[in-house]
Each structure stands twice: as structure tokens, then as C-alpha cells.
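Here is a friendly note to read with the model open beside you. Take the points one at a time and find each residue as you go.

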Amino acid sequence: MSQRNIAIVGLGTIGTALAKGILKAKLAPREGLVGSTAHPETAKAAEERLGIPVTTDNRALVQGKDTVILAVKPKTVPKVLSEIRDVLTPKQLLISVAAATTTRFVEEGLGKPIPVVRAMPNTPCQIGLGMTAICPGRYARPEHLEVARAIFSSVGRVAQVEDEELMDAVTALSGSGPAYAYIIIEALSEGGVKMGLPRKLATELAAQAILGGAALVLDSGQHPALLKDDVTTPAGVTIDGLMALEEGGLRVALIKAVMAATERGKALSKNSP
Ligand SMILES: NC(=O)c1ccc[n+]([C@@H]2O[C@H](COP(=O)([O-])OP(=O)(O)OC[C@H]3O[C@@H](n4cnc5c(N)ncnc54)[C@H](OP(=O)(O)O)[C@@H]3O)[C@@H](O)[C@H]2O)c1
């Protein structure tokens, strides 16, 4: 992607991670990246943190930019859309990361055939290990998806989803996924503590085991079940651990977690935002 002028509306957790990724990957020149927050004091803090101009004036912010990234909370989306709709043109691209907010909702809020790409990143974007799913709105073309792919690649991996209905499942799996991982890490760590390991060491062992296992899945492309079999020596240690996990229903609990979060996402989408 050639360098573009990019505006980020909302420099919170996700907006800040994207700003850092964009600068690091040189997707925009430093003078070509601008952002906004709701309050003058947070704007000043973000300006100092990121070294880019930050305003509270969304209309001025988005005017003439090649790409606008909408990174405010879903409930704030309608307000921001009504502020910027007059100044946006179909030559610009709008990327929305708002959860449970459809491209149709954003397109209707803008009231013009503006290309919209919906994206669902997650918090590991903050350290370049994010996972983002992107999907196109009605007016988005391949070149717009390419821009979105380049932006989110600067903070991790990117996958494209064709059917927007699946974005609720994406949100429930990879958007919320880090929260599930923290529970698993915490629980494994408790197991270590129960068996006498110091808490700090137990947490480090648990987190690195999850990180390493996940990296091996992605790197090898092998089915997780085969990798699990590699660890599980006949009559060894791991099979006893696995039996305890099956007895505790971990597998079903995780499947149900994704189902429940997907249903919640669907319910929120219907009333969105
Ligand atoms: N966090 C996640 O795991 C995650 C994952 C995927 C997608 N998302 C989506 O990403 C979006 C942002 O989430 P977040 O966690 O980054 O939220 P956040 O940390 O609460 O940040 C929200 C940002 O929006 C700013 N803001 C609020 N109203 C604004 C306005 N009218 N104009 C300009 N800026 C405004 C806030 O400024 P002030 O600080 O001044 O209030 C703040 O900088 C949400 O839609 C969420 O659904 C989040």
C-alpha cells in the first residue's frame, strides 16, 4: 500500500494500537496521521504519547483524508457519523472497528455510497500480536480491503470474512478470545501454586505454554489434536491431565463460551448501536 493520509477517530486502546502500528509500518508519514478523542485533556495526552496532532474536532479531522478509522465505542458511532457525514466523500474509505455495528448501519448513517470496511481486531494488537477479521460493506472494493489488510497487518494477523453475519462469531472467538485465554492462564497458574510453585513462576510457565502452543499451531499448520498427541506419551503424565480436563468439561465450556458470546453479539447487533 502506498502511503496515505489517515485519520483515527477515537484514540483509546484500539485506536492507539493502530496509530502505533501505522507509524511503525510507515503506512502514513508522521505528518499524515492525525487522531481525535472526546476530551481536550485526553487529546493532549495522546498527542504527547504518539507525537501526532490530536483534536476533538472530528469534522476537521476527517476532511480530505484518504482513510478514516472509526475507533469509538459502539454507542458513540451514531453521534460521530452525524458529525462527519457532510464532509466525507465516496473517494474516502471508512474503516469501522466498532463491535456489533454492521456496515449497513454505518453506510446508512453516512447516507452516501462511501466505501466501508468493518474490522474486528483484539487487544493483543497493542503488542503486534493481534488478530483482525475484516469484511467489506456494499461499496467497498478489493483496493479498500487491501488498505484495511495493510493497516491491521501492522498490528498482527488479518483474515477476511465474506459473510458479515459471521462477524458476531469472530467477535465471540477472537475479539473476546484473549479474555478466555487469561482465565485459562490464571487457572493453570493456580494449579502450579497448588502444587507448590511460586505464583510468579507459575504464571510465567502457564502464559508461555499457551503462547508457545498457539505459535506452534499457527507455524506448523497442523491440527491441534495432532500436536496434542505429540505431547501425550502412552501411560505418561499428560494423559492424566487431559482426563481431568475432560472430566471438568473444559472443551464444552469453551464451545459454550463462544456460542453464548455470539448470541450476545447478535442481540446487540439487532439493536445496534
Ligand atoms: N477493546 C477491545 O478488545 C476491542 C476489540 C475489538 C473492537 N473494539 C472496538 O473498538 C472500539 C474502541 O474500543 P476501545 O476499547 O479502544 O475503547 P476506549 O479505550 O474506551 O477508547 C475510546 C476512545 O474514543 C474516544 N471518543 C469518545 N467519544 C468520542 C468522540 N465523540 N469523538 C472522538 N473520540 C471519541 C475516547 O476519548 P476520551 O478518552 O476523551 O473519552 C477514547 O479515546 C469500540 O467500538 C469497540 O467495540 C474493541
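1. Start with strand β7 (residues 130-136): 7 of its 7 residues are buried, so this strand is largely enclosed by the rest of the structure. Here, buried means that 20 or more other C-beta atoms lie within 10 Å of the residue's own, with C-beta atoms placed from the backbone (12 or fewer is exposed, in between is partly exposed). Strands (E, at least two residues) and helices (H or I, at least four) are DSSP runs, numbered from the N terminus. Both faces of β7 are covered: Gly130, Thr132, Ile134 and Pro136 lie on one side, and Met131, Ala133 and Cys135 on the other.

2. A word on the source. This is a predicted model, in which local features need pLDDT of at least 70 and side-chain atom pairs count only at pLDDT 80 or more, while totals for chains, interfaces and linings use all residues. Residues are numbered from 1 along each chain as its sequence is written.

3. Which strands does β7 pair with? Strand β6 (residues 116-120) and β7 are antiparallel, over 4 bridges, and arginine 118 has cysteine 135 as its bridge partner in β7. With β8, β7 pairs in the parallel sense over 5 bridges; there, threonine 132 stands opposite valine 158. Two strands count as paired if DSSP finds at least two bridges between them.

4. Now zoom out to the sheet. It is open, has 8 strands with mixed pairing, and runs in the order β3-β2-β1-β4-β5-β6-β7-β8. Its edge strands, β3 (54-55) and β8 (156-160), each pair on one side only. Elsewhere in the sheet, β1 (residues 6-9) and β2 (residues 33-36) run parallel, joined by 4 bridges, and isoleucine 6 stands opposite leucine 33.

5. Next, the largest nonpolar core, with 59 residues. Such a core is a set of buried Ala, Val, Leu, Ile, Met, Phe, Trp, Tyr and Cys residues joined through C-beta atoms within 7 Å. Val9, Leu18 and Leu70 touch the most other members. Helix α1 (residues 13-24) gives the most to this core, with 5 residues.
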